[in-house]
Amino acid sequence: MTNKVVVAGGGIGGLACALALAREGVEVDLLEQAAAFGEVGAGLQLGPNAVRVLNAWGLTDALCASAAFPEALHVRDAHSASPLGHLRLGAMSRAHYGQPYATLHRADLHSLLLEAVQHERRVHLHLDTRLAGYEEGPTGVNVACENETVFEADALIGADGLWSRVRAEMLGAQPARVSGHLAYRGMVAAEDLPGVMREPLVTAWLGPHLHVVHYPVRRGEWFNVVAVVEGMLGRGHGGPPGSDPQSWSHEARQADLLRTIGPVCQDLKAMLDRVPEWTLWALNDRAPLSSAAEHAKGRVALLGDAAHPLRPYLAQGAAMALEDAWTLGRLVGAAGGAPDWPGLFARYADTRWQRNARVQSRSQRNGTIFHASGPLRWARNVSMALLGESLIDNPWLYSGPPEPV
């Protein structure tokens, strides 16, 4: 028994997986198709469930060195600026869930995981190495790469994102689902904002067919701003017809964004005007998982977006990848260093698929609610006013991750 695993994908999920497995004695070959490790995108939010995972790996100090910890979530009307809802974070999150709610730059989370992985002698990093295919046998998996390298391992984990090659091999080619939503993303230095706009808050602005979220990152020195509108990627939306749907970033013009969202309240307009540069991201996903068989099969398992890509309306994409990795680590630890990989992956899939499917469904539903118009918008606002924090809080989510079954 070599106790060796190949992990395809060097993003947040792949690094987290490699870290979790190496700390349980597994040799990991981590394959990254790019010439250097890095992460694109801007900010992300980590609920207490995700922070709990990082704490379990001893990464709390690294998180505190790069993250911000908002005191509250404020929900406001994008046109009238009226308050719609409120959720206390900060001390309340620590009191209820034992961990804070964090916001940070995606690259900072990637960097702290990469640094932790680089201290693990059992992890072997391979750049410029893209999986071409694999063959599974009764005792292992042979992984072939485009650079003609071949890896022999006991198991393969696909953490290679929405457009996962491991997924395509395991489940067959299935096109991603186009959401019809576009995310304009930008960063603004806190020092360029008026004092009232620098408060340590997550602010969500809701309007018909749009929403905007902004929050502090990098210890509060910057703010991440994401504006989501409805429309297809094409002329007038940052890229010509045929622009690569797999790209995170397309050219974006502020004039296109402002024309698309139309008139908004003064406070929101002031934040949008201060973003010096925008990039554009076409949001794609897949239908929620329908069974454990979509998460693992034999000696091959999927993790993060490769298994359950999320729309960003519950702010749990990175968190679910971290939870997946933590679960695998717990299962390997319980196996006492000699895993039966098909059996272990079956337990992993049984533990994770329903929770991940619920998060996928809730994320999609939130998008409908955020962008509501007409009677649904009225019902949303009334419900938020009557039910208060209980409508926004997610104890079932933030109390996780659940122990493996």
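A cavity here is a set of grid points where a 1.4 Å probe fits but cannot get out. The model I am showing is a predicted one, and by that rule it holds one cavity of 30 Å³ or more.

Let me start with that space. The largest cavity contains about 40 Å³. Its lining is made of Arg177, Asp285, Arg286, Pro288, Pro309, Leu310, Arg311, Gln360, Ser363 and Gln364. Sorted by kind, that lining has four charged, three polar and three nonpolar residues. Helix α10, residues 341-370, supplies the largest share, with three residues.

Two of the lining residues also pair with each other. Asp285 and Arg177 form a salt bridge, and their closest N and O atoms are 2.9 Å apart. This pair links distant parts of the chain, since Asp285 sits in strand β17 (residues 278-285) and Arg177 in strand β12 (residues 177-189), 108 residues apart. Is Asp285 buried or exposed? Its relative accessible area is 3%, so Asp285 is buried. Arg177 has 27% and is therefore partly exposed.

Now the other salt bridges. Over the whole structure, the search finds 16. One of them joins the side chains of Glu120 and Arg23, at 3.1 Å from N to O. Glu120 is in the loop between α5 (106-118) and β7 (123-126), while Arg23 is in the loop between α1 (12-22) and β2 (27-31), so the pair ties together parts that are 97 residues apart in sequence. Glu120 counts as buried because its relative accessibility is 16%, under the 20% limit. Arg23, at 37%, is partly exposed.

A further bridge is between Glu146 and Arg165, whose side chains meet at 2.5 Å, N to O. Here the residues are 19 apart: Glu146 lies in the loop between β9 (141-145) and β10 (150-153), and Arg165 lies in helix α6 (residues 165-171). Both are partly exposed, Glu146 with a relative accessibility of 46% and Arg165 with 28%.

There is also a network of salt bridges, which links Glu323, Asp324, Arg352 and Arg355.

Last, the surface. Trp378, Val382, Leu386, Leu387 and Leu391 make a nonpolar patch of about 540 Å². Which helix gives the most to this nonpolar patch? That is helix α11, residues 374-387, with four residues. Leu386 is located in helix α11. Leu386 counts as exposed because its relative accessibility is 69%, and the cut-off for exposed is over 50%.

Terms used. Residues numbered from 1 in each chain as written. Predicted model: local features only at pLDDT ≥ 70, side-chain atom pairs only at ≥ 80, totals over all residues. Heavy atoms only, no water. 1 Å grid on protein atoms, 1.4 Å probe; cavity = no way out; pocket = protein on both sides within 12 Å on 5 of 7 lines; lining within 4 Å. Points joined across faces, edges and corners; volume = space filled by probe spheres on them. Helix = DSSP H or I, 4+ residues; strand = E, 2+ residues; numbered from the N terminus. Nonpolar A, V, L, I, M, F, W, Y, C, P; charged D, E, K, R; others polar. Patch = residues over 30% accessible without salt bridge, like charges linked within 9 Å, V, L, I, M, F, W, Y side chains within 5 Å. Areas by Shrake-Rupley, 256 points an atom, 1.4 Å probe, with all protein chains shown as cover. Salt bridge = Lys/Arg side-chain N within 4 Å of Asp/Glu carboxyl O. Buried < 20%, exposed > 50% of the residue type's maximum accessible area, 1.4 Å probe, protein only.
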